[in-house]
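Work through the exercises below with the sequence and the model side by side. Try each task before reading its solution.

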Amino acid sequence: MEKRIIHIDMDAFYAQIEQRDHPDYRGKPVIVGGRSQSRGVVATASYEARKFGVHSAMPTRTAYKLCPDGIYVRPRFDVYKSVSKEIMDVFLSYSELVEPLSLDEAYLDITHLVSRERTAKSVALNIQRDIFEKTHLTSSSGISYNKYLAKIASGMNKPKGTTVIHHGNVMEILKAMPIGKFPGVGRVTEEKMKSLKIFNGEDLHGWDEADLVREFGKRGSSLYRKARGIGTSELNVDRVRKSVGKETTFDHDVNDDEYILKVLEELSHKVSENLDRRQFAGRVVTVKLKTHDYKTHTKQMMTTNPIFKGDEIFHYAYNLYHEVKEPEEPIRLIGVTVSHLEERSYRNLTIYDFL
Ligand code: DCP
Ligand code: MG
């Protein structure tokens with residue numbers, strides 16, 4: 001039987017959590033972002049804020065100009081992470097075949113749950129209902145016969161959407177899709193596509209595979225197939241378990257930031273070497289430390305792109321260290337881990353390129 005894949009993606013994830021936890025933020029433009037007006041970028045914005053043109057990855061300074069009366073808040077990664085775990089538990093109660101893509105989205109293979117009495121759409125609705133009951137947060141889902149179509153579908157009717165792409169509507173949807181929204185087309189590819197007069201899925205569909213390969217290399221073949229609704233339905237189920245970490249135990253308690261950071265930098269480069277050997281890149285960096293009283297503290301962060309270079313890992317580790325380390329508390333162990341790994345061949349594509 002053909003597979004049934006659901007892609008679930010939480011609506012305005014960080015911002016919705018902030019609105020849930022602060023009732024006075026509800027119905028208002030909420031912008032979750034990094035640091036100051038001068039340096040930070042927007043992690044996400046509530047749907048109310050999006051009306052002003054504010055979106056993820058925009059400099060916070062630009063957001064202030066577009067939406068001066070917005071509510072600007074710093075991210076609370078611990079909370080987002082624990083919500084993410086709750087969502088994951090819901091997924092796992094439906095299927096063992098779950099492939100998380102980030103804190104707020106995952107693919108589920110629910111082929112085994114579908115029968116004459118039970119449609120894939122009803123399963124998706126149940127999952128969304130369970131997520132809401134457990135977390136009081138809304139999500140959107142997409143249902144299809146392969147992964148990338150399910151992902152396209154979940155984005156089609158956000159927020160609170162449930163959308164099915166089937167053999168009857170797939171070509172109509174793909175043909176109408178602007179090329180920049182096409183899965184696998186990032187900003188650079190989009191520009192090149194436009195210069196070749198490929199503006200939507202229909203234009204793409206008109207190209208021969210050989211010509212696409214000539215222009216776009218290996219990705220050309222994949223785009224050729226994607227223009228036709230063809231893609232993989234195999235989930236990468238152990239991506240989440242894969243991680244590479246290194247740690248060091250000091251032979252006495254230390255509290256010298258400069259020294260600890262030097263060690264952390266070395267560890268970051270060792271993790272990088274290991275990732276390099278295995279041709280992996282990862283999306284989550286975790287810093288762990290143990291204080292003198294043997295208590296373990298960890299902090300993790302999602303990266304914008306899959307990373308593997310020592311300097312990049314250290315950049316995140318450096319920031320995380322400053323978030324988790326108490327100035328007065330000496331530590332006896334420090335470690336850094338990169339997880340949510342994927343094969344390097346995909347590293348130029350971010351998850352956002354797939355939307
Ligand atoms: N995120 C981030 N930086 C980005 C994009 C996203 O930090 N450039 C974080 C904040 C988001 C979360 O990841 O809340 C999930 O990303 P999504 O792309 O799923 O965006 P949202 O869930 O915020 O909104 P949507 O309703 O469009 O899914
Ligand atoms: Mg989301």
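A metal donor here is an N, O or S atom within 2.8 Å of the metal (3.2 Å for Na, K and Ca); water is not among the atoms, so sites may look incomplete. The model is predicted: local features need pLDDT of at least 70, side-chain atom pairs count only at pLDDT 80 or more, and totals for chains, interfaces and linings use all residues. Residues are numbered from 1 along each chain as its sequence is written, chains are lettered from A and ligands numbered from 1 in the order in which they are written, and side-chain values use heavy atoms, with hydrogens and water left out.

**Exercise 1. The metal site**

Find the residues that coordinate the magnesium ion (ligand 2), and name the geometry.

Solution. 
- Step 1. List the donors. D9 (OD), M10 (O) and D104 (OD) coordinate the magnesium ion (ligand 2), at 1.9 to 2.2 Å.
- Step 2. Read the spacing. Along the sequence the donor residues follow the pattern D-M-x93-D.
- Step 3. M10 belongs to strand β1 (residues 5-10), and D104 to the loop between β5 (98-102) and β6 (105-109), so the pair ties together parts 94 residues apart in sequence. Strands (E, at least two residues) and helices (H or I, at least four) are DSSP runs, numbered from the N terminus.
- Step 4. M10 and D104 are buried. Buried means under 20% relative accessible area, exposed over 50%, and partly exposed in between (1.4 Å probe, protein chains only).
- Step 5. Test the angles. Six donors count as octahedral if opposite donors are over 155 degrees apart and all others between 65 and 115. The six donor atoms around the magnesium ion (ligand 2) subtend 82 to 178°, which makes the arrangement octahedral. Ideal angles for six octahedral donors are 90 or 180 degrees.

**Exercise 2. Contacts of ligand 1**

Which residues are closest to ligand 1, and which side chains have an N or O atom beside one of its oxygen atoms?

Solution. 
- Step 1. Collect the surroundings. Ligand 1 is surrounded by 15 residues, and the closest are A12, F13, T44, Y47 and R50. A residue is counted if one of its heavy atoms lies within 4 Å.
- Step 2. Look for polar contacts. These are pairs of N or O atoms within 3.5 Å; within protein, one must be able to donate a hydrogen and the other to accept it, and residues adjacent in sequence count only if both atoms are side-chain atoms.
- Step 3. Take the aspartates. A side-chain N or O atom of D9 is 3.0 Å from an oxygen atom of ligand 1. For D104 the distance is 2.9 Å.
- Step 4. A polar side-chain atom of Y47 lies 2.6 Å from an oxygen atom of ligand 1.
- Step 5. Inspect the ring of Y47. R50 lies over its face, 4.2 Å from the ring centre. A charge sits over a ring if NZ of Lys or CZ of Arg is within 6 Å of the ring centre and within 35 degrees of the ring normal.
- Step 6. Find another case. The charged end of K226 sits over the ring of Y148, 5.7 Å from its centre.

**Exercise 3. An aromatic cluster**

Classify the ring pairs F13 with Y14 and F77 with Y80.

Solution. 
- Step 1. Apply the rule. Rings of Phe, Tyr and Trp (its six-membered ring) pair if their centres lie within 6.5 Å; planes under 30 degrees apart count as stacked, over 60 as edge-to-face and the rest as tilted. The count comes to eight aromatic pairs.
- Step 2. Take F13 and Y14. Their ring centres are 5.9 Å apart and their planes at 50°, so the pair is tilted.
- Step 3. Take F77 and Y80. The pair is edge-to-face, at 6.1 Å centre to centre and 85° between the planes. Both residues lie in helix α4 (residues 77-94), three residues apart, about one turn of the helix.
- Step 4. Check burial. F13 is buried at 6% relative accessible area, and Y14 at 11%. F77 and Y80 are buried too.
- Step 5. Join the pairs. Ring pairs link F13, Y14, F77 and Y80 into a cluster.

**Exercise 4. Backbone exceptions**

Solution. 
- Step 1. Take A57. Its phi is near 75°. A57 lies in the loop between α2 (47-50) and α3 (60-66) and is exposed, at 57% relative accessible area.
- Step 2. Take H340. Its phi is near 55°. H340 lies in strand β12 (residues 331-343) and is buried, at 15%.
- Step 3. K158 and P159 are joined by one, with omega about -10°.

Technical notes
Tetrahedral: all angles 85-135°; square planar, octahedral: opposite > 155°, others 65-115°.
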